[in-house]
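Here are some questions and answers for a reader who is new to this structure.

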Amino acid sequence: MKSDPSTSAAPLRGLGGPLRSSEPVPAAPAQSLAEVLLEEAADLLVVHLDFRAALDTCERACRSLACDGQAEDHAGTSSLEVKCALCVVGIQALAEMNRWQEALSWVLQYYQDPEKLPPKVLELCVLLYSKMQKPGIVLGVVSAWLRDSHNQSLPEYRALADLHLQRVLLPLGRWADAEELVVGSVALGAEQRQDALQAIRTARPQRKCRHPGSEEAQEPSLADSLSHKFLSLLMFLRRLWDATLSRVSSMPFKKTLLAAVILCLLVVKFDPASPSSLPFLCKLAQLFHRLREAAFAPLYRPPVQD
């Protein structure tokens with residue numbers, strides 16, 4: 001049985017015509033393990049929203065790159081790009097799990113030297129920590145990266161320097177470091193240097209107006225304000241108590257006794273017409289009589305008989 005030549009050649013078409021038997025078939029480049037794990041980690045992060053699994057996959061891929069000592073020699077830039085992409089996915093997974101504090105230390109375990117951090121990874125760390133209002137965590141790492149002479153020749157240097165100035169140095173009030181960065185950086189142009197110095201001059205008085213003192217100085221002022229309010233409340237209660245006492249003391253003696261009897265009747269809740277309450281009423285009448293005699297005794301003196 002003969003095979004159809006058109007059928008046998010069909011799979012080989014689409015590559016510039018049918019191939020001859022003497023021409024080698026070009027093989028597609030095989031993906032490395034790190035690249036396969038990178039695709040898996042991105043799928044877990046974006047599609048399945050399984051952030052824990054995405055982070056674990058990124059760690060496996062980074063370990064595979066570290067174990068394969070020849071990876072960077074053979075693949076070169078491709079391996080570095082894969083490692084950078086793995087760190088980006090890992091940082092996003094940590095942020096989604098509310099573990100953003102671990103992002104910088106997690107990245108530095110795969111890049112031992114801060115100067116070797118990829119610009120994209122460093123930019124993501126600066127944006128993350130500045131958004132969480134903790135720019136001081138990346139201060140030392142970014143400063144070391146910007147001082148490296150090799151990094152100053154990178155095209156991303158200017159953008160990172162401006163980001164470091166706006167998101168880290170100025171919010172922290174590091175005016176001297178900011179001026180040193182702007183003046184000492186040879187990678188910045190004259191126009192960009194003037195804009196940066198103007199931003200420093202503008203931000204310095206604004207920060208002083210918003211924060212006239214340190215947090216330690218603000219805490220005693222808050223305590224003083226609370227104590228002043230508490231003393232004012234005590235003085236108000238004291239005046240209210242004095243006014244009540246003066247009003248009660250100004251009432252006539254009989255009205256005071258009548259009010260006391262009514263209050264006693266309301267509290268004790270007994271029936272005055274009941275026979276069991278007669279002894280109590282007799283004793284109360286005797287008490288009132290004695291009190292009246294004691295109150296008016298100085299005013300009444302019987303005549304002296306000869």
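Q: How much space lies in the second largest pocket?
A: The model is a predicted one. The lining of this second largest pocket is made of 14 residues. The space in the second largest pocket is about 280 Å³.

Q: Which elements give two or more residues to the lining of the second largest pocket?
A: Ser 143, Arg 147, Asp 177, Glu 180 and Leu 181 are the lining residues nearest the centre of this pocket. By class, its lining has 5 nonpolar, 5 polar and 4 charged residues. The elements that give two or more residues are helix H8 (139-147), H9 and H10.

Q: Which helix supplies the largest share of the lining of the largest pocket?
A: The largest pocket, with a volume of about 670 Å³, is lined by 24 residues. At least two lining residues come from each of helix H5 (77-96), helix H7 (119-131) and H9. The largest share, 5 residues, is that of H5.

Q: Are H9 and H10 roughly parallel or roughly antiparallel to each other?
A: The axes of helix H9 (residues 157-172) and helix H10 (residues 175-184) are 10 Å apart, at an angle of about 170 degrees. Angles over 145 degrees count as roughly antiparallel. H9 and H10 are therefore roughly antiparallel.

Key. Residues numbered from 1 in each chain as written. Predicted model: local features only at pLDDT ≥ 70, side-chain atom pairs only at ≥ 80, totals over all residues. Heavy atoms only, no water. Axes fitted to C-alpha atoms, helices over the stretch in contact; angles between N-to-C directions. Helix = DSSP H or I, 4+ residues; strand = E, 2+ residues; numbered from the N terminus. Parallel < 35°, antiparallel > 145°, perpendicular 65-115°, else oblique. 1 Å grid on protein atoms, 1.4 Å probe; cavity = no way out; pocket = protein on both sides within 12 Å on 5 of 7 lines; lining within 4 Å. Points joined across faces, edges and corners; volume = space filled by probe spheres on them. Nonpolar A, V, L, I, M, F, W, Y, C, P; charged D, E, K, R; others polar.
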